[in-house]
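Hi everyone, thanks for coming. Let me put the sequence and the model up on the screen, and then we can walk through it together.

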Amino acid sequence: MELKATDVSFKYPSAKEYLLKDVNIELDNNKIMGLIGDSGSGKSTLCKILSSYITNYEGSVSFDGNPLPKKGFKPIQLIYQHPEKVMNPKWRMSQVLKESWDVTDEDLEEFGIQKSWLNRFPQELSGGELQRFSVLRSLNPNTKFLIADEMTTMLDAITQVQILDSVLKVVKKRKMGFLLVSHDMDLVDTICDDKIYFKDINGV
Amino acid sequence: MEKVLDVENVSISFMQYTKGLNQRDLQVISDLTLDISEGEILAVLGSSGSGKSLLAHAIFGILPENANQMGKIKYKGKELSQADKEELRGKDIVLVPQSVNFLDPLMKISDQAIGHTETDEEKKEKKLKQREIFQQYNLGPEVDEMYPYQLSGGMARRVLVSTALLSEPKLVVADEPTPGLDEKTVQETLNHFKQMKKDGIGVLLITHDIHAALEVADRIGIFYSGYVIEIAENKDFSGDGENLLHPYTKALYKALPKNGFELIKGHQPLHGEIQQGCPYYDRCEMKFDRCKDERPELIDLGNKKVRCFKYEEEA
Ligand SMILES: Nc1ncnc2c1ncn2[C@@H]1O[C@H](COP(=O)(O)OP(=O)(O)OP(=O)(O)O)[C@@H](O)[C@H]1O
Ligand code: SF4
Ligand SMILES: [Mg+2]
């Protein structure tokens, strides 16, 4: 399985200058990759392009040689640093999960989610509790590739190990691809097989 | 040094409707106790959901309606009522918010930093001061006229910090100020806290970033499941963690990528589970018989504090 961006350039409509210029990156499911870079440098924007949340870019992104589907389920799932921003505040957590897939009790247990949390609204959970939901939500059986953008930055060190351990188990079992975006060099060195420095691939 | 903040045995519960009109009180914070002196930085680390953000909200009097808080929060030795909190917040006590979302996207930076003013004179005065502080934080005059979307991440953070300092606060509470920032920006943010310390301001730094905490904090408070379980000195977080006292603190230290990335099982007790004994009982490897039913109090060991029976004799 191969996720490939070719000569991707992008500029936000309100900005004067390009944020991404001629970015090329190739990822597969044989290696766990780490992406490292400065804040505000455009890593998160690239992640959104790779997962087809942003579509008005120049250049191309392909998955196993085909363009990414424009509609319907996104096989490349993105986990954000701030889960509260992407959850409907009017939905209970059970609905938030159900919208993506039917998780089992074992899944809840593996990701340390208490059943009573399912009846709450997003704003009634702490940052770390919410992140467990957003990780599990992204692990829909049709997900082929997972991009974790500063996924564990909001978590304490013990929870970070637990969640990454659970995610990597699933990733390996289902032979999914995994890209970890992080500013934490120790973490990247611990988890990833290889790393890419964002400034080396961005031509701005 | 005078104490600026005392948090004494604070507990917080939420009234929740279960079925129909049945209500129940869900206790999420059981016993938080800590203190900060002038010119001191106390960092708070802890498991996710342990109550760090709620403590910040309690200090500012911005808990949700259905919350019920007990215990005392004192500013300079005086217990604060809700009215006192409303009076002091934004003046003597300020919050450096985590998220840039706190900035109003439709308002110019300088205008929102200055905030509401009654007279033109007051406005002029505040404007002068704003420029002065912004300049100290390397924000040139052009920034005053910008809108939030025109700021880079690092600039936005400097705006949040300098805006907080405009009112010459005595106590600054920062909730997760560093996540997602690159090393250079983290360093810059930490330098701001060091400067506040020099200026005699007390700082409560809530963070998951142990490295950041260790770089600036004098003492570190550890939260677990709504309790303060240890208050350690900065220097205790070194070597193998042998000077740390509570088993949870040791585990937290060893879970860091560079200290072994050790996985430990289990999670904090479920909400609403009535716990009689030690909150860490389920996961503890050295538990004693009494730990199951008896709850340890926070033991004062001079500069440090710990909530664990193992240290009772030493006190
Ligand atoms: N409005 C609410 N109603 C019920 N429970 C709540 C509410 N707000 C927070 N809680 C619960 O209180 C506990 C403490 O929450 P808090 O946000 O303070 O955690 P935290 O220590 O800041 O965690 P994190 O590190 O994950 O941000 C959590 O378990 C959360 O689920
Ligand atoms: S009081 Fe007992 S159960 Fe709790 S941490 Fe200490 S030894 Fe472990
Ligand atoms: Mg929090």
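Let me start with a question: which residues in H1(A) are buried? They are Lys43(A), Thr45(A), Leu46(A), Cys47(A), Ile49(A) and Leu50(A). By buried I mean that 20 or more other C-beta atoms lie within 10 Å of the residue's own; 12 or fewer makes it exposed, anything in between partly exposed, and the C-beta atoms are placed from the backbone. Helix H1 of chain A runs over residues 43-50, and with 6 of its 8 residues buried it is mostly covered. After H1(A) comes Ser52(A), with a positive phi near 60°. Helices here are DSSP runs of H or I with at least four residues, strands are runs of E with at least two, and both are numbered from the N terminus.

A quick word on the model. It is predicted, so local features need pLDDT of at least 70 and side-chain atom pairs count only at pLDDT 80 or more, while totals for chains, interfaces and linings use all residues. Residues are numbered from 1 along each chain as its sequence is written, and chains are lettered from A and ligands numbered from 1 in the order in which they are written.

Now, chain B by itself. Its secondary structure comes to 9 helices and 12 strands. The radius of gyration is 21 Å, close to the 20 Å that the globule rule gives for 315 residues, so chain B is as compact as a globular protein of that length. That radius is taken over C-alpha atoms, and the rule is 2.2 Å times the number of residues to the power 0.38. Along the principal axes, the C-alpha atoms of chain B fill a box of roughly 70 × 55 × 35 Å. Of its 315 residues, 40% are buried.

Chain B has two assigned domains: domain 1 (3-92 + 167-311) and domain 2 (100-166), with bounds from an automatic or database domain assignment. Their C-alpha centres lie 30 Å apart. Domain 1 of chain B puts 8 residues into the contact between them and domain 2 of chain B puts in 7, where contact means C-beta atoms, placed from the backbone, within 7 Å. On the domain 1 side, helix H7 (residues 183-198) of chain B supplies the largest share, 4 residues.

On to the core. The largest nonpolar core has 132 residues, and Val172(B) and Leu205(B) have the most contacts inside it. Such a core is a set of buried Ala, Val, Leu, Ile, Met, Phe, Trp, Tyr and Cys residues joined through C-beta atoms within 7 Å. H5(A) gives the most to this core, 7 residues. Both domains of chain B also give residues to it, so the core lies between them. Leaving aside neighbours within four places in sequence, the contacts of Val172(B) include Val94(B), Ala164(B) and Met196(B).

How do the chains meet? The contact takes 27 residues from chain A and 31 residues from chain B. On the chain A side, H5(A) brings the largest share, 6 residues.

Last, the ligand. Residues from chains A and B surround ligand 1, so the site is shared between chains. Among the 17 residues around ligand 1, Ser126(A), Gly127(A), Gly128(A), Ser48(B) and Ser53(B) come nearest; a residue counts if its C-beta atom, placed from the backbone, lies within 6 Å of the ligand. Thanks, and do jump in with questions!

Key: Contact = placed C-beta atoms within 7 Å.
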